[in-house]
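Please open the model in your viewer and keep the selection panel at hand.

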Amino acid sequence: MNKSLALLTAFLFLGGCQNLSTTPSEGTPPTAEVSPAPAAPKPQVYGSFSRETLYELLAAELAGQRNRFDIALDNYLRQAHETQDPAVAERAFRIAEYLGADDAALETALIWAKTDAGNLDAQRAAAVQLARAGRYDESMQYMEKALQGQGATHFDFLALSAAETDPDTRAGLLQGFDRLLKKYPDNSQLLFGKAVLLQQDGRAEEALDLLESQPAGSKDVAPLLLRTRLLQGLGRTREALPLLQKGIKQHPDDKRLRLTYARLLIEENRLDEAKSEFSGLVQQFPDDDDLRFSLALVCLEGEAWDEAEVYLQQLVERGSHLDAAHYNLGRAYEEQHDNESALIEYGLVGAGNDYLPAQMRITELLLAANRADEARGRLAKARDSQPDYAIQLYLIEAESFANQQRNDRAWDVLQQALKQYPDDLNLLYTRAMLAEKRGDLAQMEKDLRFVLQREPDNAMALNALGYTLADRTTRYAEAKALVEQAYRLKPDDPAILDSLGWVNYRMGNFAEAERLLRIALERFPDHEVAAHLGEALWAQGKQRDARDVWAEALEKQPDSSALRSTIKRLTGSEKP
């Protein structure tokens with residue numbers, strides 16, 4: 001290399017070191033800035049670098065300009081270790097952080113913090129990287145150094161990063177927070193960090209008391225939001241609303257506070273106020289289509305169909321939330337009995353979360369209008385155009401026909417589907433349920449046994465087979481074993497509790513049947529469960545209790561054939 005050129009490039013590199021970027025712009029890798037020398041430059045002190053070091057650092061910069069950040073990081077990392085120079089260490093740290101190279105970021109942050117002990121950014125970087133690595137005790141030491149320097153700290157990040165740690169680690173961190181709070185009782189980030197740790201430890205009341213008793217940070221947004229979440233978790237949502245209102249007055253432009261407030265209004269079923277809040281947010285942030293979509297959903301929930309249509313059409317025009325917008329436009333038109341417009345909108349929904357619900361609505365609307373051939377034709381085209389959804393589309397078709405009591409058509413659909421997908425467990429389970437309705441218990445059992453051969457712990461199949469055997473045969477012991485296996489897998493499932501109660505009833509264990517069926521009805525107030533509980537009560541001579549259970553269930557489900565047939569069979573009348 002020409003000696004003068006080498007000296008010039010080295011000089012340019014050193015000039016760049018004076019302007020090392022401390023925070024890379026979003027989406028742009030850190031690069032050294034080469035600026036004209038000012039007229040009266042301040043004297044700078046640099047480490048004395050060897051020729052080899054200068055060459056490696058220059059090569060790193062050139063590699064960065066060519067998007068070879070792996071080479072840039074390797075060179076800077078090596079030279080940070082060899083030179084122990086804070087500027088080189090910082091540069092290496094920035095590159096590692098940009099690349100998401102956690103190990104390298106930790107190594108270089110520690111070198112930077114050690115070689116530039118008075119630099120608060122260096123101490124903070126080391127603390128954050130140690131926290132990310134799970135080395136919380138060491139992280140606290142660096143946090144305290146930043147705190148002693150009166151710099152902004154990241155105790156909140158330290159606490160949040162401990163969410164997935166074990167209780168002992170969190171307990172140790174809490175002790176560290178308490179130790180620092182004795183020295184710095186008014187530090188808002190310390191208070192907030194401790195509250196976060198208490199929340200993670202399941203001590204919501206203590207966390208709330210801490211935030212409410214300390215004036216430090218009471219006006220900051222993060223503690224306000226945490227207090228709101230704590231109140232929600234404790235079932236005290238109404239207390240959170242005035243807290244948020246006060247926070248919004250203090251921070252009128254903070255989207256997080258206003259959005260949280262609007263969502264709490266929905267939770268409290270104050271839809272008109274929620275709609276007003278979301279409308280204000282959309283005006284304040286007109287480019288935020290997430291807010292616009294939320295406003296449309298609030299309008300739908302409040303049955304403000306015309307307003308919902310306006311916002312949903314805006315989303316379509318803006319090309320945002322397209323599938324969800326079309327699907328919900330379909331809902332709005334359907335609620336206004338404009339089924340043709342609803343069919344158009346549902347038909348515009350593409351592959352994604354709303355695709356299958358849209359196909360379900362199309363099918364049910366067409367079947368209700370006696371346009372079964374059109375429904376089948378649409379579903380066939382949908383299976384051709386979206387083969388990944390073929391099985392789900394077959395299920396939609398079969399279940400829609402079954403809901404219309406057109407069981408023969410549903411059966412034909414399932415037979416066609418199983419020719420194409422003979423081992424699909426969802427299709428087999430659905431055919432089993434339809435076979436039971438058709439009185440073909442042998443086919444039902446065959447299909448469910450196949451499902452259980454493939455998935456022995458399929459609680460739904462175990463429960464279905466066990467319940468049917470108890471209800472339609474005298475194979476009670478076998479039925480009980482199946483349902484008990486399902487219960488062990490899902491002890492809180494009310495459908496399984498109902499089955500277990502019914503098996504006990506069929507075996508003559510009426511008191512146990514009553515106990516189980518009461519729990520099932522409490523968890524899931526279903527008319528069929530009520531019919532079963534009433535029958536168990538009747539068998540024990542508790543006719544008045546049985547009638548009360550049936551009467552209450554009939555008020556909620558007056559057209560229940562299960563209730564009516566049970567009442568008539570036992571009382572001789574269709575009324576309890």
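Select E445 to begin: this residue is buried, its relative accessible area being 18%, because anything under 20% counts as buried. The structure on display is a predicted model. E445 belongs to helix α25, which spans residues 441-454. Now display its surroundings: setting aside residues up to four places away in sequence, E445 touches L465, L469, R475 and E478.

**The whole chain**

Zoom out for a moment to view the protein as a whole. It contains 32 helices and 0 strands. Of its 576 residues, 45% count as buried. Consider also the contacts between residues at least 6 apart in sequence: 48% of these join residues at least 24 apart.

**A459**

Next, select residues 459-472, which form helix α26, and highlight A459 within that helix. A459 is buried, with 7% relative accessible area. Which residues are in contact with A459, leaving aside its neighbours within four places in sequence? They are A486, L489, K490 and I496. Then draw a distance between the C-alpha atoms of A459 and Y487: the separation is 7.7 Å, although the two residues are 28 residues apart along the chain.

**H326**

Move to helix α18, residues 322-335, and select H326 there. Is H326 buried or exposed? Its relative accessibility is 11%, so H326 counts as buried. Show the side chains of H326 and E345 together; a polar contact of 2.7 Å joins them. E345 is also one of the residues that H326 touches beyond four places in sequence, and the others are V316, Y346, L348 and V349.

**The pair α28 and α30**

For the last stop, select residues 494-506 (helix α28) and residues 527-539 (helix α30). Two packed helices are described by the angle between their axes and by the distance between those axes. Here the angle is about 30 degrees and the axes lie 10 Å apart. Helix α28 is therefore roughly parallel to α30, since angles under 35 degrees are classed in that way. The crossing of the two helices is left-handed.

Finally, display the side chains at this contact. Helix α28 contributes D498, W502 and Y505, while α30 contributes V529, H532, E535, A536 and A539.

Notes: Residues are numbered from 1 along each chain as its sequence is written. This is a predicted model: local features need pLDDT of at least 70, side-chain atom pairs count only at pLDDT 80 or more; totals for chains, interfaces and linings use all residues. Side-chain values use heavy atoms; hydrogens and water are left out. Axes are lines fitted to C-alpha atoms, for helices over the stretch in contact, and angles run from 0 to 180 degrees between N-to-C directions. Helices (H or I, at least four residues) and strands (E, at least two) are DSSP runs, numbered from the N terminus. Angles under 35 degrees count as roughly parallel, over 145 as roughly antiparallel, 65 to 115 as roughly perpendicular and the rest as oblique. A crossing is left-handed if the near helix is turned anticlockwise from the far one by less than a right angle, and right-handed if clockwise. Contact means heavy atoms within 4.5 Å. Buried means under 20% relative accessible area, exposed over 50%, partly exposed in between (1.4 Å probe, protein chains only). A polar contact is a pair of N or O atoms within 3.5 Å; within protein, one must be able to donate a hydrogen and the other to accept it, and residues adjacent in sequence count only if both atoms are side-chain atoms.
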